[in-house]
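Subject: Structure handover

Hello,

Here is the structure I said I would pass on.

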Amino acid sequence: MDFSSWQGALTTILGLALFTLLGVGIRILMMQTIQQRQQRMNRQINERLKTLIAAYRTLGGSFTGQLTVDPTHLRDLRTREQPEPDAPQPDDALAPPASSERSRRIRDAVEAALADILLLGTEEHCRLAGQAAADLAAGRPIHTAQLVISLRSFIRSALDLDPMPADVLIPLQGPTRAQAGAGRGKGGAEGAAGRGAGGANAHADGGGMGMHFSSGGVRKDGDAAG
């Protein structure tokens, strides 16, 4: 820094301005880099929590009824219920039980939730989910209550919520029961559409027959006139 002459003062001022500009540029670049990294981490945490919360709802959305997951597939049910070749076979001999469709939906939803937990869960979550997946693959019914408890504790901790009070009695939780209302509504809509199309075709056929009769009447009148 030299202020003894105007040339020295000008050089000093230009040097200070250049140094300040470089410092501000480096600081802005560092702030942008840190902010982008934090945003990326926040998005990852949000997606992870969203996925784990959805898995928690799937695995622990029921407090009553059957709280185990049945790993039986439809082909196993048909093989199990297939009668002897010489025995008389009624019409519904190979029909699965009424609850097999719901059991299949629950099993598929639980398998998808276990796959998500194995991808985004903690070490404890992965260990419990891996054991449950192995039991399902081996054809053994599983309980999801322990995995649900672990997920609940992790989610509450990640959201900075207080731990569950010790005096709160929570019953064992099982997988959410699949709702068949959507399928029935879709089937009803398709049936209504089919009936509407059938009525339209019948109306069109009736109109065509009327035109045929009308044209026949014209020809008849023409013949009579001739």
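The notes below go from the overall layout to the helix contacts and end with a loop residue.

Please keep in mind that this is a predicted model.

Overall layout

The protein has six helices and two strands. Along the sequence they come in the order α-β-α-α-α-β-α-α. Of the 226 residues, 19% are buried. Among contacts with a separation of 6 or more, 70% are between residues 24 or more positions apart.

Helix H4

H4 covers residues 123-137, which makes 15 residues. From first C-alpha to last, H4 reaches 21 Å, close to the 21 Å expected at 1.5 Å a residue. The buried residues of H4 are His125, Leu128, Ala129, Ala132, Asp135 and Leu136. Viewed down the axis of H4, these buried residues fall within an arc of 120 degrees, so they line one face of the helix. As background, an α-helix has 3.6 residues a turn, so residues three or four places apart point the same way. Glu123, Arg127 and Ala137, on the other side of H4, are exposed.

Helix pairs

Two packed helices are described by the angle between their axes and the distance between the axes.

H3 with H4: the two axes come within 9 Å and cross at roughly 145 degrees, and the crossing is left-handed. On the H3 side the residues are Val110, Glu111, Leu114, Ile117 and Leu118. They meet His125, Cys126, Ala129, Gly130, Ala132, Ala133 and Leu136 of H4. By class, this contact of H3 with H4 holds nine nonpolar residues, two polar and one charged. His125, Ala129, Ala132 and Leu136 are among the residues of H4 that meet H3, and these four are also among its buried residues.

H1 with H3: the axes come within 9 Å and cross at roughly 145 degrees. H1 passes H3 in a left-handed crossing. H1 contributes Arg48, Thr51, Leu52, Ala55, Thr58 and Leu59, while H3 contributes Ala109, Val110, Ala113, Leu114, Asp116, Ile117 and Leu120. The contact of H1 with H3 has nine nonpolar, two polar and two charged residues.

H1 with H5: H1 spans residues 6-60, and its axis comes within 10 Å of the H5 axis, crossing at roughly 145 degrees. The crossing of H1 and H5 is left-handed. From H1, the contact uses Arg48, Leu49, Leu52, Ile53, Tyr56, Leu59 and Gly60. From H5, Leu147, Val148, Leu151, Arg152, Phe154, Ile155 and Ala158 take part. Eleven of the residues in the contact of H1 with H5 are nonpolar, one is polar and two are charged.

A loop residue

Asp160 lies in the loop between H5 and H6 (181-225). Is Asp160 buried or exposed? Asp160 counts as exposed because its relative accessibility is 69%, and the cut-off for exposed is over 50%. Asp160 also has a positive phi of about 60 degrees, although it is not a glycine. Most residues other than glycine have a negative phi.

Regards

Key:
Residues are numbered from 1 along each chain as its sequence is written. This is a predicted model: local features need pLDDT of at least 70, side-chain atom pairs count only at pLDDT 80 or more; totals for chains, interfaces and linings use all residues. Side-chain values use heavy atoms; hydrogens and water are left out. The expected span of a helix is 1.5 Å times one less than its number of residues. Buried means under 20% relative accessible area, exposed over 50%, partly exposed in between (1.4 Å probe, protein chains only). The arc is that of the directions from the helix axis to the C-beta atoms. Axes are lines fitted to C-alpha atoms, for helices over the stretch in contact, and angles run from 0 to 180 degrees between N-to-C directions. A crossing is left-handed if the near helix is turned anticlockwise from the far one by less than a right angle, and right-handed if clockwise. Contact means heavy atoms within 4.5 Å. Ala, Val, Leu, Ile, Met, Phe, Trp, Tyr, Cys and Pro count as nonpolar, Asp, Glu, Lys and Arg as charged, and the others, Gly among them, as polar.
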